[in-house]
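Let's walk through this one in questions and answers. Have a look at the sequence and the 3D view first.

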Amino acid sequence: FAKAAGKPWVGNMSLGDDTGGAHDGTSAEELAIDAFVGPGRPGAQLAVAAGNSGRTTRHFHWSGTLAAGQTITNTFPLMSFAMGGTDNDIVFIDLWYEGEDNATVQVVTPGAVTVSAAMGADSGVVCTPSGAVQIDATNAGDPENGDNQVMIQIDDSSACTPSPAPASGTWTIRLVTNSVGPAGGGRFDAWNFSTEQSRWVAVATCDLATSVTAPG
């Protein structure tokens, strides 16, 4: 209506998602925003929420650089979930690394069970005494940016009998570099979500970079 009337307009999007993609401006939502308010479109502005995760008390972002032959490890503690039922006590980690690199992602439970998925593979739901673990690395060469995405979910899946909530204790994530691109290893980034601890888990190695929510 504003465009038809020859008037400028400003829109507001007070929403965002910590695990909403690669946080690099290439998602469908971000590209749609660019199409509305990008260069050559004067008189149009859209304000998008930055979110509330850029705080030292929310250790929800992990980044680094892959190197040939290297294994990178991070840990996070969990306390007792108390939701009850199934499929509602969830830790979700969204990890991205460059398309020319190749890595295997592993999760080690507090009970010392290791679940693993190579690039392009899906572990499926693995039932352990510490909870269900799934590592889905099938989005290798994402169509929007060419990078590799790995989705990690730890929960009380109803696919398991019994279906315990994610166990208290220390959980470990490993990135095992299988190979790197011609320019050497590239950057990786991971963001997490949890139904415990106000939507985050406190990863031991963390930073506040790229903590603006998508599509911001």
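In β7, valine 115 is the bridge partner of valine 107. A quick note before the rest: this is a predicted model, where local features need pLDDT of at least 70, side-chain atom pairs count only at pLDDT 80 or more, and totals for chains, interfaces and linings use all residues. Residues are numbered from 1 along each chain as its sequence is written, and side-chain values use heavy atoms, with hydrogens and water left out.

Q: Which residue stands opposite valine 107 in β11?
A: Strands here are DSSP runs of E, at least two residues, numbered from the N terminus, and two strands pair if DSSP finds at least two bridges between them. β6 (residues 102-108) and β11 (residues 169-179) pair in the antiparallel sense over seven bridges. In β11, the residue opposite valine 107 is isoleucine 173.

Q: How many residues of strand β6 are buried?
A: Buried means under 20% relative accessible area, exposed over 50%, and partly exposed in between (1.4 Å probe, protein chains only). In a regular strand the side chains alternate between the two faces of the sheet. In β6, Asn102, Thr104, Gln106 and Val108 point one way, Ala103, Val105 and Val107 the other way, and all are buried. That puts the count for β6 at seven of its seven residues.

Q: Which residue takes a positive phi in the hairpin of β6 and β7?
A: β6 and β7 (residues 114-117) pair in the antiparallel sense over four bridges. Their hairpin has five residues between the strands, and the one with a phi near 70 degrees is alanine 112.

Q: In what order do the six strands of the open sheet run?
A: Strands of a sheet pair through backbone hydrogen bonds, either parallel or antiparallel. In this open sheet the pairing is antiparallel, and the order is β3-β12-β5-β10-β9-β8.

Q: Why is one side of β3 and of β8 left without a neighbour in the sheet?
A: Neighbouring strands of this sheet are turned by 15 degrees against each other on average, direction ignored (axes are lines fitted to C-alpha atoms, and angles run from 0 to 180 degrees between N-to-C directions). β3 and β8 (126-128) stand at the edges, so each has a single partner strand.

Q: What is the bridge partner of phenylalanine 92 in β12?
A: β5 (residues 90-97) pairs with β12 in the antiparallel sense, over seven bridges. Across from phenylalanine 92, the partner in β12 is phenylalanine 193.

Q: Is the pair of tryptophan 62 and phenylalanine 188 stacked or edge-to-face?
A: Rings of Phe, Tyr and Trp (its six-membered ring) pair if their centres lie within 6.5 Å, with planes under 30 degrees apart counted as stacked, over 60 as edge-to-face and the rest as tilted. By this rule there is one aromatic pair. It links tryptophan 62 in β3 (residues 61-65) with phenylalanine 188 in β12 (residues 187-194), 126 residues apart. The ring centres are 5.1 Å apart and the planes stand at 80 degrees, so the pair is edge-to-face.

Q: Which side chain makes a polar contact with the side chain of serine 53?
A: A polar contact is a pair of N or O atoms within 3.5 Å; within protein, one must be able to donate a hydrogen and the other to accept it, and residues adjacent in sequence count only if both atoms are side-chain atoms. Serine 53 lies in the loop between β2 (44-48) and β3 and is buried, with a relative accessible area of 3%. At 3.0 Å, its side-chain partner is aspartate 18.

Q: What is the omega of the peptide bond from threonine 161 to proline 162?
A: Most residues other than glycine have a negative phi, and most peptide bonds are trans. Proline 162 lies in the loop between β10 and β11. The bond from threonine 161 is cis, with omega near -5 degrees.
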